[in-house]
Structures are given as structure tokens and as C-alpha cells.
Amino acid sequence: MFTEIINKKFPAKDIKAPESLIIKNIFIPGKTPNEDLAADILIEKGIIRSAEGIVDTCGIEFDYPLYPGINSEKKHVLGISSNGKAAILNAGGLTCSASFTDMHVHLREPGDEEEECINSGINAALKGGITAMCCMPNTKPVIDNDCLVSFIKMKAAKSDFNIYPAAAITKGLNGLEITDFGVLKNAGAAAFSDDGKCVQDSKLMYEIMRYAKYHEALLILHEEDYSFSAEGAMHEGYYSTKLGIGGISPLSEEIIIARDIMLAEKTGAKVHITHISSKKSVEMIKSAREAGINITCDVTPHHIFFNDSALKNYNTNLKVNPPVRGPEDQEALIAGLKSGVIDAIASDHAPHLDSEKNTTFIKAANGSTGLETLFKASYTKLCIEENLNFLHFLKLISTNPSRIIGHKAGQISSGSNADIAILDTKKQEIFDVRNTYSKSSNSAFDGIKLYGKIICTIKNGKIVFLDF
Amino acid sequence: MLSVKNIIDTENLTVADVNLIMENTATFSEVLSRDFKKVPALRGKTVLNMFFESSTRTKNSFEIAAKRLGADTVNFSASGSSLNKGESIIDTVKTLQSMIVDLAIIRHSDSGAINYISSKINIPVINAGDGKHQHPTQALLDLFTIGESFAEFKNLKVAIVGDILNSRVARSNICLFKKMGMDVTLVSAPMLMPVNMDCFNVKIASCIDDVIEETDVLYMLRMQFERQEKKYYPSIREYNSFFSLDKKRFMKMKEKSIIMHPGPVNRGIEISEEVMENEDEFIERIKINRQVTNGLAVRMALIYLLLASDQLEKEYVH
Amino acid sequence: MADNFVLLNDKDIERIIKRISHEIIERNRGSENLVFIGIHKRGVPLAERIAANIAEMENKVIKTGKLDISFYRDDTIKRLKPAVAITDIPFNIDNTNVILVDDVLFTGRTIRSALNALMDFGRPGSIQLVVLIDRGHRELPVRADYVGKNIPTALNESIEVRLYETDKKDMVTINVKR
């Protein structure tokens with residue numbers, strides 16, 4: 001990617017990726033006291049060697065025409081030394097973070113490559129500052145055997161990207177028979193999930209948790225009681241009444257969360273509840289954790305950014321499952337992120353063909369794309385509108401999700417892997433889905449003004465995405 | 001002229017729109033009373049009747065309305081069409097629009113389908129009923145029918161009885177009746193009502209007996225026991241004891257009150273056999289057939305007004 | 001700028017209506033089987049005035065009706081407007097002698113529309129046309145049987161008829177646009 005970027009900008013020169021990268025004038029949250037006292041980062045062979053003071057670049061000459069960009073009235077420059085051994089990026093006071101981890105995405109490969117494939121998903125992720133993700137097993141066929149887990153791992157390795165596949169909990173997501181947890185784990189399954197579906201049989205769920213505990217496997221649970229959701233397509237409330245769309249009560253999620261908290265308490269299984277949507281869910285998880293139960297959870301950017309009033313014109317791109325809920329729920333989710341009850345933000349990136357979204361609300365498929373907006377949307381809501389501390393916010397999209405799925409998160413300190421996202425936190429842009437790197441364009445955030453822009457994504461010391 | 005380009009719901013109609021529609025309905029009501037019931041006003045125009053959901057009454061009503069205005073009609077119904085071959089709704093609509101029609105009348109079983117379709121095509125659209133969302137022409141014909149019996153709408157006491165949850169008629173009527181200043185009470189049971197009723201801003205009663213003596217307009221919704229996906233309401237017997245109109249309840253009503261129903265009536269469920277058999281005797285009070293006749297006039301008025309709406313004309317000067 | 005000239009005042013109009021009333025009775029040899037239908041909007045009061053005159057002269061009840069022709073215009077689609085005038089012909093016109101009344105005869109298209117509309121109501125024995133003003137410029141082969149006043153006009157002139165029932169005074173003016 002780096003050489004592609006450079007060769008595109010300087011077509012005359014054939015440049016190989018340099019071994020060293022120096023980032024000048026960068027603000028490291030939590031380290032540099034303020035943006036005016038920016039530091040430099042020196043990366044060698046994919047490892048951060050220095051991230052404290054000023055890196056002395058004496059002795060390296062940059063005789064290539066530099067690649068300038070203008071951003072926030074500051075000048076950013078990328079250049080390469082004459083011997084081709086080092087690249088230098090003048091960040092001009094931009095902010096950096098360890099790159100992000102998205103623990104809930106749908107990559108659609110194998111089976112629905114027209115919607116997304118592993119490569120296009122990776123490109124969209126890099127554009128969103130993400131360098132690690134956990135992909136869900138509801139592909140065609142379902143990832144319920146070791147061959148498919150290996151296939152995903154192999155594809156990701158080719159692209160030098162960290163993909164942590166979640167394997168199915170039940171065979172073919174049928175909610176009836178447990179998959180080969182042991183074999184799948186050995187093949188590289190980082191977690192187990194029936195996402196999109198939910199095991200309705202409580203006794204079976206009990207056995208699943210006992211078995212997950214036995215294999216020390218992580219369960220990522222989509223919580224839904226079908227008897228509540230079968231006739232619905234949006235949150236049961238003011239707007240479902242008005243629009244005449246069947247409502248899905250928050251009880252659909254809450255009843256199953258209550259059940260799974262009890263089962264987790266009994267079995268000791270490591271349970272992560274994904275895309276929680278209601279106030280009561282936050283409360284239940286809070287008290288479960290206070291009681292010492294091993295349970296974590298995440299929320300999506302769209303559940304904190306929107307509430308059901310955004311559906312008043314039957315916006316199919318915001319038809320998601322669980323549905324975006326009422327304003328009280330939205331507030332409770334934001335409060336949960338602030339207080340730390342909710343561990344992580346995950347995109348639930350769910351690409352769909354236009355034909356699945358360009359239809360009536362009831363017939364439209366569930367899900368929104370989200371890799372490229374994971375940072376922007378949640379940053380806009382939490383840090384700009386809700387004044388959440390930026391360091392705390394970075395934990396929600398980097399440190400915490402990495403910890404939960406067992407990914408060694410990047411850090412901006414000497415000796416760490418150089419997985420870095422460089423951000424312009426002041427930049428405000430209308431998100432235009434026509435520019436997406438994903439194969440699908442069903443984004444709930446299309447046309448919405450969002451703060452924060454990913455200027456550069458660095459993976460293992462290499463620039464893999466750059467947008468001055 | 002109307003402030004809207006399409007008739008999709010009753011919410012977006014202004015009071016002035018409603019009054020204009022009522023005035024024009026009166027005009028067409030007169031046309032319908034002639035021996036020769038047809039006028040050539042829309043000669044050369046083509047009206048497309050698209051019914052993605054089966055319907056006989058509403059479809060016929062729209063078709064007759066268009067024909068009495070001198071327009072040609074094209075009928076499309078979902079059964080037997082290429083929709084069964086996997087064609088998407090929007091492709092179907094666009095194909096038909098390409099046949100150069102001037103106005104589309106659409107019914108669909110999905111709530112919001114008409115909002116969706118009208119955003120994709122550039123001819124006026126009339127919603128002939130979409131899922132559980134809206135049925136604006138029903139609401140307007142009901143309003144016209146009420147207007148025939150009462151001097152003014154303001155403060156009329158209306159009770160709407162039955163399955164509010166699954167009723168598009170209820171949604172469009174409540175909104176329109178409230179807009180015209182009526183005092184609306186819903187009479188229903190928990191499993192027949194949405195959980196959140198805030199958007200209606202109406203009074204709620206749990207039994208028809210609570211309102212029967214003071215109601216001016218008793219509006220009975222159709223109760224479809226056979227069509228409920230999941231049957232939560234216990235039984236007809238239970239329904240009869242709380243919500244049905246029988247002779248005894250009918251006799252308790254005000255002398256000038258009227259009974260309405262969107263039809264077809266399930267005899268013995270919403271309204272008892274005994275009351276229905278006296279329909280002719282109480283013709284001034286049981287308005288069910290009058291509603292059907294007024295349906296024609298309202299639909300003629302709407303088709304006419306929509307095609308006229310952007311062609312403002314001054315008073316003709318010789 | 002427009003200049004207005006008064007062509008007929010209230011007395012003139014009254015005299016014309018009386019004269020036409022007499023002409024109608026004369027030509028039809030009485031008022032047997034006559035019905036009067038005014039074209040909306042100013043034909044309606046004219047028809048009612050003539051009918052009232054004849055009723056007085058003949059000492060009998062004369063039937064009158066009103067006709068809105070907006071659905072029958074040949075330029076309906078270009079000139080669509082909300083129809084609020086109500087046609088009211090509360091009798092059977094089959095085999096009657098219809099006296100059709102309008103205020104101004106111009107291109108003849110209004111009368112063509114009115115004839116079409118009338119035919120939809122039944123089969124009159126005959127139709128005769130009364131107009132207060134005939135200003136010429138016919139586009140169709142239509143003529144009036146009874147004319148209040150022939151006024152040759154230019155196309156940049158317009159005739160404005162005001163009647164007490166619709167406009168609070170009786171007056172006909174010619175307006176010249178410059």
C-alpha cells in the first residue's frame with residue numbers, strides 16, 4: 001500500500017517501502033501535554049523505537065520532491081530519503097492514536113462477495129483507522145468448520161491485517177446443535193457467535209456456556225427473543241405507532257440478556273453481549289458486573305447517534321437489528337459508555353446490496369455499513385456533543401475491544417507494534433457514501449456531517465492508508 | 001389548490017386542503033346524482049390503478065371514479081404479474097410509469113410503501129392503503145359523510161371502536177378528525193392498541209358502553225379474527241360483550257348520532273345482525289352505504305384536484 | 001394602463017332583459033314547455049331575471065336551472081381549476097325547449113361546452129341561446145338567437161359584465177389594454 005501511494009504520487013520513481021518511518025510534529029494524547037508541544041515518533045521494522053522527544057533527522061537527506069497536503073491550515077508533508085531507507089511524515093500537529101479494533105463486522109465472504117469481500121472490507125477498515133477486526137460467521141456457508149476459519153485467516157494474512165474470525169455457536173446457526181468448539185478454536189476462531197440469530201432454547205444455551213467455559217472460549221451474543229421481534233421491524237414506541245410498522249419491544253433483548261446473565265453466573269463462561277440497545281440492558285449488565293459476573297458488552301455508533309425519530313421517513317439504511325431505540329435508551333447507552341459499563345464500540349458493519357435496501361421498510365434487510373464511520377460517528381457523538389474525555393474514548397474503540405478478543409493492541413510507546421491512526425480531530429465533513437471503499441453503500445450516516453478524519457493509517461510501521 | 005402533490009397521508013393535508021377537497025366532493029356528488037354520471041373533464045388522461053394487495057371495493061371505487069371523469073384506466077394487480085417472478089416493486093412501478101400515465105393509485109401491504117414509491121416516480125400518487133399506515137381516501141370520505149349529517153365538525157364526539165393496532169383506517173381517521181377539531185375517543189383492548197399511543201393524543205375508553213350515550217359518530221373498525229397473524233384477542237363472544245353494536249346499545253345512542261364502518265361489516269362481530277337488518281329503517285343514521293357512495297365522489301375530487309394542482313388559473317375574463 | 005368605458009348601465013340592462021323576454025314569448029308563441037338554464041356564473045342571474053319576467057307576464061311558474069361547464073371545456077387540462085360551482089337542473093330536460101343563457105358570446109367555445117353538457121342531461125326538443133353581449137371573434141359556428149347588444153371589439157379589449165347578484169351592481173364595461 002505504501003509503495004502504491006508513493007508511486008501514484010511520484011510516478012517517475014520506483015520506490016520500495018522504506019524500513020523506517022519518522023512522524024514529525026504529532027500530538028500523542030496522554031503523552032504530549034498539548035498540541036503545540038507535539039512530539040516525533042520513530043518507527044523501525046514495524047516497531048515504535050521512540051515516541052517521546054524529538055527525533056533527530058540529521059544525516060537523512062530528503063531530496064525527493066515532497067508530497068504536501070493542506071489540512072486545517074497546517075501543512076502535512078510526506079517525503080522519502082535519498083537512499084530510500086526512511087520516510088518522513090510531517091503531521092503538522094495532528095493527533096495520533098493506536099489504530100482501532102472493530103469487534104463486530106460482517107465481511108460477507110464467502111458467499112456474498114457482491115456485497116463485500118475480505119479485501120474490500122479490509123480497505124474500508126483501513127480508511128476508518130481500523131487494523132484489527134472480528135468478523136461474524138453468518139456467511140454462506142456459515143463459518144462453522146475449521147476449513148472456513150483457516151480460509152479467513154489465510155486471506156487476512158495475505159493482506160497483513162488482523163482478522164479474528166468468530167465461529168458459529170450452533171451448526172449453520174440453526175440454534176440446535178453445538179459446533180466443534182475445540183477444533184474451531186485450534187484453527188483460529190477467536191470467539192463464538194450466532195450473530196444475527198439467537199439461541200432460543202435456554203437449556204441449550206446453558207450447555208453452550210458450560211462448554212465455552214470448558215474451552216475457555218469467548219461467546220459474543222446477539223440477544224433477541226423471536227416471539228417479541230417476529231412481527232416487528234423497528235423500536236416499539238411513538239414512531240412505530242405513527243408509521244404503522246410493527247414494533248419490537250426492548251423486552252426482546254432484555255429477557256434474553258437476563259437469562260444469559262443468570263447462565264453466565266452459573267457457568268462462569270466468558271460472555272460478551274454485542275450491540276446492546278436499551279436502557280434496561282445497560283442497567284442489568286451493570287448490576288451483573290457489580291456482582292462479579294464475567295460479562296462485557298458493546299454498542300454500535302448508530303445506536304448512540306440515532307433514536308427512532310430518525311426513522312420517520314422510513315429510512316431503510318437505518319433499519320437495523322436490534323432497532324435504534326427511543327431517546328431514553330440512547331441517553332442510557334451514552335451514559336453507559338461514559339461510566340464504563342459498556343466496554344466497547346463496534347460498528348456491526350453489515351453491507352447489503354442496493355436491491356435489499358432500496359425497497360419498502362418492511363422488506364428491507366437489517367444493517368448499516370460502519371467501518372469507515374466507526375471513529376467519526378462515535379467521536380462526533382461522544383467527544384464533540386457529549387464532551388467525553390478523548391483518552392477514555394480511545395479505550396472504547398481500541399484498547400477495550402482488543403482486550404476482549406485477545407488482540408495485542410497497539411500503543412504509542414517504545415517497543416510497541418506500530419499500528420497507528422493519525423487523526424484530524426477538528427475536521428468536519430459530510431460523510432458521502434459514494435466515496436466508500438466498501439462494496440456496499442447502505443450507510444446510516446450518509447449525508448451527515450461528522451467530526452474527525454482519518455488522515456493516515458499505519459500497520460506494522462507501514463503506511464497503509466493516506467488521505468491528506 | 002392543494003398544498004400537496006400526492007395524497008399519501010392525512011397528516012400533511014392542511015385544513016384548507018381538506019376544505020377544498022370537501023367542496024369539490026360536493027360538486028362531484030352532484031355529478032353522481034345525474035342520470036348521466038360522467039363528465040369529460042379528464043379526457044385523454046390515464047390513471048394507473050396499482051394494487052399490490054388484493055382489494056375489490058377500493059379498487060372498483062377508484063376505477064369508477066376515474067372513468068366518470070372521462071380518464072382511461074389501467075389496472076395492475078400483483079397476482080399474476082411479474083412480481084411473482086422476482087421483479088422488485090420499484091422496477092414494476094417504473095415500467096408502468098414508462099407507459100406514460102398521468103396519475104397512479106397504489107395500494108400495498110407494506111406500511112410506508114407509498115412514501116417509498118412516490119419518492120421514486122414523478123407523477124402524482126394517491127395512497128389507496130399501505131399496510132397498517134394510512135388510508136387517506138377512506139378518512140376523507142368518512143369526513144364528507146360526517147359533514148352531510150352535522151353542521152360543523154368542531155367538538156363532535158367521535159368514538160372509534162376496535163382494532164386500532166392493525167388499522168390504517170384508524171391512523172388516517174384519527175389524524176384527520178383531530179385536525180378538523182373533533183373530540184376523538186378510542187375504544188379498544190390492550191392487545192388491539194399500540195403500546196405507545198402518544199402520537200394520537202386522544203382519549204381512551206375500555207368499553208363501548210362508556211361512550212355510547214354521548215357519541216355523535218360511532219365508528220366501528222373491522223375486526224379480522226381470521227386474518228390476525230397471532231391471535232391475542234380471546235374470542236368473538238368476548239368482543240361482543242365489550243365492543244359490538246347491538247340493538248340495545250343502538251337504542252341508547254343520541255337521536256341524531258350516526259354509525260359508520262369502513263366495510264365490509266362482519267355481521268355479528270362489529271355490528272349485530274339485528275341492527276344491520278334495520279339498516280333501511282335507520283338510513284339517516286347507519287351510514288355504511290352512504291360512505292361507499294361518497295367514496296366515489298371523494299376519489300373523483302382527489303384525482304381531479306391532483307391533476308389540476310399545479311395549473312393555477314385566474315378567473316375567466318371575456 | 002387600461003381605459004374603461006361604460007357600455008351599459010343598470011337601466012340599459014333592465015330594458016334589454018325586458019325586450020328579450022318579450023322576444024322569447026313572441027318567437028315561442030307563449031311559454032309552454034320553456035325551461036331556462038343559465039351558464040355559471042353570470043348566465044345564472046340573467047336566466048333567473050328573464051324567467052321571472054316571463055313568469056310575471058304569463059302568470060305561471062317557469063323552471064330554471066344552472067349549469068357549470070368546467071368539466072366540459074375543450075381546454076380543461078390546461079385550465080383545470082377546483083370545481084366549486086354546482087350544476088343544478090332539478091327537472092327533466094327531455095323534449096323541452098331549453099333557453100340557454102350566458103352573459104358574453106365570444107369564441108363560442110363556452111357554448112359548445114354547454115351544449116355538450118346539456119346533451120348529457122337529456123334530449124331537449126330545441127335549444128335557443130340568449131346572450132347579453134355578442135362581442136364577435138367566433139372560432140366555432142355558433143350564433144345567438146337573442147342578443148342584448150352587439151359590440152364589435154378588438155382582441156386587446158375585454159368586456160366586463162357585472163350583475164347585482166354576483167357583483168353588487170349592474171354594469172357592462174369595455175376595457176382597453178394599451
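Q: What makes two residues count as being in contact?
A: Their C-beta atoms, placed from the backbone, must lie within 7 Å. This is a predicted model, and the rule is applied to its atoms.

Q: Which residues is Asn6(B) in contact with, leaving aside its neighbours within four places in sequence?
A: They are Ser118(B), Pro124(B) and Val125(B). By the rule, the C-beta atoms in each of these pairs lie within 7 Å.

Q: Where in chain B is the place of Asn6(B)?
A: Asn6(B) is in the segment before H1 of chain B.

Q: Why is Asn6(B) called buried?
A: The cut-off is 20 or more other C-beta atoms within 10 Å. Asn6(B) has 24, so it is buried.

Q: How many residues in sequence separate Asn6(B) from Leu302(B), and what is the distance in space?
A: They are 296 residues apart in sequence. In space, C-alpha to C-alpha, they are 9.5 Å apart.

Q: What are the domains of chain B?
A: The domain assignment gives domain 1 as 15-135 + 293-308 and domain 2 as 136-289. Their centres, taken over C-alpha atoms, are separated by 26 Å.

Q: How many residues does each domain of chain B give to the contact between them?
A: Domain 1 of chain B gives 22 residues, and domain 2 of chain B gives 19 residues. On the side of domain 1, helix H1 (15-32), strand S4 (125-130) and helix H10 (288-308) of chain B each give two or more residues. H10(B) gives the most, with six residues. By class, that side has eight nonpolar, ten polar and four charged residues.

Q: What makes a set of residues a nonpolar core?
A: Its members are buried Ala, Val, Leu, Ile, Met, Phe, Trp, Tyr and Cys residues, joined through C-beta atoms within 7 Å. The largest such core here has 277 residues. Phe192(A), Leu219(A) and Ile303(B) have the most contacts inside it. H10(B) supplies the largest share of this core, twelve residues.

Q: Why does this core lie between domain 1 and domain 2 of chain B?
A: Both domains give residues to the core, so it lies between them.

Q: Which residues is Phe192(A) in contact with, leaving aside its neighbours within four places in sequence?
A: There are Ala166(A), Ala167(A), Ile169(A) and Phe181(A), and also Ala212(A), Ala217(A), Leu218(A) and Leu219(A).

Q: Why is strand S16 of chain A called largely enclosed?
A: Strand S16 covers residues 295-299, and five of the five are buried, so the rest of the structure largely encloses this strand. Both faces are covered. Ile295(A), Cys297(A) and Val299(A) are buried on one side, and Thr296(A) and Asp298(A) on the other.

Q: Why do the residues of a strand fall on two sides?
A: In a regular strand, side chains alternate between the two faces of the sheet.

Q: How do you know that S15(A) and S16(A) pair?
A: Pairing needs at least two bridges. Three bridges join strand S15 (residues 270-273) of chain A to S16(A), so the two strands pair, and they run parallel. Val271(A) has Ile295(A) as its bridge partner in S16(A). The chain crosses from S15(A) through helix H9 (residues 279-290) to S16(A), and this β-α-β crossover is right-handed.

Q: How do you know that S16(A) and S17(A) pair?
A: They share two bridges, and at least two are needed, so they pair, in the parallel sense. Strand S17 of chain A covers residues 344-345. There, Ala344(A) is the bridge partner of Asp298(A).

Q: Which pair of chains has the most contacts?
A: Chains A and B do, among the two pairs that touch. Chain A gives 19 residues and chain B gives 21 residues. Helix H7 (residues 238-243) gives the most on the side of chain A, with four residues. By class, the side of chain A has six nonpolar, nine polar and four charged residues.

Q: How far apart are the closest C-alpha atoms of chain A and chain C?
A: They lie 30 Å apart, and no contact joins these chains.

Key:
Residues numbered from 1 in each chain as written. Chains lettered and ligands numbered in written order. Predicted model: local features only at pLDDT ≥ 70, side-chain atom pairs only at ≥ 80, totals over all residues. Nonpolar A, V, L, I, M, F, W, Y, C, P; charged D, E, K, R; others polar. Domains from an automatic or database assignment. Buried ≥ 20, exposed ≤ 12 C-beta atoms within 10 Å, placed from the backbone. Right-handed = clockwise from strand over helix to strand, strands pointing away.
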